[in-house]
Amino acid sequence: MRLDYASLLSPFPFLIEKVGSIKSPLLREIWHPQITYQGYNMYLSLLFLTPQTYFEQMDPSQSHWYQGLSEEEKSKVCMFDLIADNTGLQDAYSKMLNFFLVEHVLWNPESKVFLTFGDSEDDSLPVGVIHRGIFPELCDIILQRCGIDRKDADMDTAKIKSKRALEIAAKIKKGRQTAGGHKVPDKATELPNLICAVAAKSNSLNFTNIWDLTVFQLYEQFKREQANVYFDIQKMTVAAYGNKQNTFTGNEWFKN
C-alpha cells in the first residue's frame with residue numbers, strides 16, 4: 001500500500017483496520033532518553049531486515065540452512081516465520097512496534113501473532129492482530145511514515161507461480177539487498193545534520209520548536225528549504241538579466 005502525500009504529511013496516526021494506528025514519530029520522541037537516535041536507527045534496521053540479511057548479519061551460524069534451500073523454498077520463508085521461532089526477535093520486534101504504533105503490542109506465543117491493545121477500561125481484549133499476511137505491508141507503511149522507501153527489499157514472492165518468474169524475482173531481490181548492504185551512508189542527510197541545517201536556515205523553526213515536527217515533516221521541510229535556495233537564485237538571475245525565454249514564472253517556490 002502506498003500512502004498518499006496528505007496521509008504521510010499528517011501529524012496524526014494512520015489507522016489500519018483490525019491492526020493498529022501507525023504514527024510518524026516526532027523528533028522529540030526519537031531523541032527521548034528511553035529511545036535515542038541510535039535506538040531509532042536500530043528499529044529501522046529491523047524493518048529492513050529480510051531472511052537473507054538476517055542470516056548473513058545476525059545469525060551466520062544458521063546461514064548454511066538458509067543457503068541450502070532452493071529459490072522456491074526461500075521464497076516461502078519470511079521474517080515473520082523467523083520471529084515466530086525466536087524469542088529474541090519477538091522481544092526486539094515488540095519494542096519496535098510499540099514505538100511506531102499507538103496501541104500496546106504484545107507477542108502471543110499460543111497464536112504466534114502480535115496482538116495490539118488499546119487504552120480502554122477493558123484493555124485485556126485485543127483491538128487488532130499483526131499476522132504473517134499483514135506484517136510486510138505494515139513494515140512498509142511504517143517506513144513510509146518515516147520518509148523512507150524500502151524499494152521492495154522484502155518483496156512478496158509467495159504468490160509467484162511461474163518458476164522462471166520466481167528465479168528472476170529472486171535475482172532482483174538479491175541485487176537490491178546487495179546494493180543496499182554496501183551503500184555508504186550520507187552523513188549530510190542524516191537526521192542530526194538535517195535538524196541543525198533546517199533550524200539554521202528556516203525563518204520560523206529553531207532548536208526550541210523543531211522537535212515538534214514529525215520525522216516525515218522534517219524531511220519535507222528540508223526539501224522545500226533546498227528548493228527555495230534554487231528559487232532565490234533564479235529570481236535574482238531574472239531580476240538582473242531578464243526572462244527572455246520565459247523559463248521563470250515565479251510559481252516555482254510552491255510547485256510539487
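**Note on the predicted model: sheet, helices and backbone**

1. Five of the five residues of strand β4 (residues 113-117) are buried, so β4 is largely enclosed by the rest of the structure. Buried means under 20% relative accessible area, exposed over 50%, and partly exposed in between, with a 1.4 Å probe and protein chains only. Both faces of β4 are covered: V113, L115 and F117 are buried on one side, and F114 and T116 are buried on the other. Helices (H or I, at least four residues) and strands (E, at least two) are DSSP runs, numbered from the N terminus.

2. Residues are numbered from 1 along each chain as its sequence is written, and side-chain values use heavy atoms, with hydrogens and water left out.

3. On the chain as a whole, the protein chain has 12 helices and five strands. Of its 256 residues, 41% are buried. Among contacts between residues at least 6 apart in sequence, 60% join residues at least 24 apart; contact means heavy atoms within 4.5 Å.

4. On the sheet that contains β4, three strands form an open sheet in the order β3-β4-β5, with antiparallel pairing. Strands β3 and β5 stand at the edges, each with a single partner strand, so one side of each is left without a neighbour in the sheet. The twist averages 30° from one strand to the next. Two strands pair if DSSP finds at least two bridges between them. Axes are lines fitted to C-alpha atoms, for helices over the stretch in contact, and angles run from 0 to 180 degrees between N-to-C directions.

5. On the pairing of β3 with β4, strand β3 (residues 104-108) and β4 are antiparallel over five bridges. Within this pair, V105 stands opposite T116 in β4, and N108 stands opposite V113 in β4. Helix α8 (residues 87-100) packs on the sheet and touches β3, β4 and β5, and its direction makes about 160° with that of β3.

6. On the hairpin, β3 and β4 have four residues between them. K112 lies in the loop between β3 and β4 and has a positive phi of about 55° although it is not a glycine. With a relative accessible area of 42%, K112 is partly exposed.

7. On the other neighbour of β4, three bridges join β4 to strand β5 (residues 128-130), and the two run antiparallel. Here F114 stands opposite I130 in β5.

8. On a second residue with positive phi, T36 has a value of about 70° although it is not a glycine. T36 is found in helix α3 (residues 36-48). At 28% relative accessibility, T36 counts as partly exposed.

9. On helix α9 (residues 135-145), nine of its 11 residues are buried, and the helix is mostly covered. The buried residues of α9 are F135, L138, C139, D140, I141, I142, L143, Q144 and R145. Helix α9 is followed by G147, whose phi is positive, near 75°.

10. On the packing of two further helices, α11 (residues 191-201) and α12 (residues 215-241) pack at an angle of about 55°, with their axes 10 Å apart. The two helices are therefore oblique to each other; angles under 35 degrees count as roughly parallel, over 145 as roughly antiparallel, 65 to 115 as roughly perpendicular and the rest as oblique. The crossing of α11 and α12 is left-handed, a term that applies if the near helix is turned anticlockwise from the far one by less than a right angle, with right-handed used if clockwise.

11. A227 and W253 are 26 residues apart in sequence and 7.0 Å apart in space, C-alpha to C-alpha.

Terms used. This is a predicted model: local features need pLDDT of at least 70, side-chain atom pairs count only at pLDDT 80 or more; totals for chains, interfaces and linings use all residues.
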